[in-house]
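Here is a quick tour of the fold, written for reading with the structure open beside you.

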Amino acid sequence: MVVVRTITILSNNSIVGELRITKTLVEPDIEMIKANATLTDGSILYVSEIIGNDWRDYSYHWQRDGKMLRRWDNAPHHRNLPNFPHHVHRKDNVQSGEDINLTDILSFIETCLNEQK
């Protein structure tokens, strides 16, 4: 389900100019997708989602000109932050984050792009 859902969300979003699926896996107990979406402003969103029966790993990495703008993930480091393991990387710092999904990320990025106009 995560593979189809992720492709559908990215394919139907107005800020996604080009979509490249780099890896998928669909097994009875696990699904995984890795994708790169070139956005209409030229920035790139790297998406990684892996879902098992009772767990989910995610990483959404947004960059422009090879430089990270922001990355949301739930890798099990930064144990000192509230809402561990969810956190956000911004330039040189890491902040506590929320359990977030691809739709939330695209909405956030779209708001940022509209503010830049």
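The buried residues of helix 1 pack against strand 1 (16-26), strand 2 (30-39), strand 3 (44-52) and helix 2 (102-116). Buried here means under 20% relative accessible area, exposed means over 50%, and partly exposed is in between (1.4 Å probe, protein chains only). Contact means heavy atoms within 4.5 Å. Helices (H or I, at least four residues) and strands (E, at least two) are DSSP runs, numbered from the N terminus.

A word on the source: this is a predicted model, where local features need pLDDT of at least 70 and side-chain atom pairs count only at pLDDT 80 or more, while totals for chains, interfaces and linings use all residues. Residues are numbered from 1 along each chain as its sequence is written, and side-chain values use heavy atoms, with hydrogens and water left out.

Back to helix 1, which covers residues 2-11: its buried residues are Val2, Val3, Thr6 and Leu10. Looking down the helix axis, they fall within an arc of 100° (taken from the directions from the axis to the C-beta atoms), so they line one face of the helix. As a rule, residues three or four places apart in an α-helix point the same way, because there are 3.6 residues a turn.

Take valine 2 from that helix. Its relative accessible area is 3%, so it counts as buried. Leaving aside residues up to four places away in sequence, valine 2 touches Glu31, Met32, Ile33, Glu49 and Ile51.

Zooming out, the chain has two helices and seven strands, in the order α-β-β-β-β-β-β-β-α along the sequence. Its radius of gyration, taken over C-alpha atoms, is 14 Å, close to the 13 Å that the globule rule (2.2 Å times the number of residues to the power 0.38) gives for 117 residues, so the chain is as compact as a globular protein of that length. Buried residues make up 37% of the 117.

Most residues other than glycine have a negative phi, and most peptide bonds are trans.

Proline 85 sits in the loop between strand 5 (67-73) and strand 6 (87-90).
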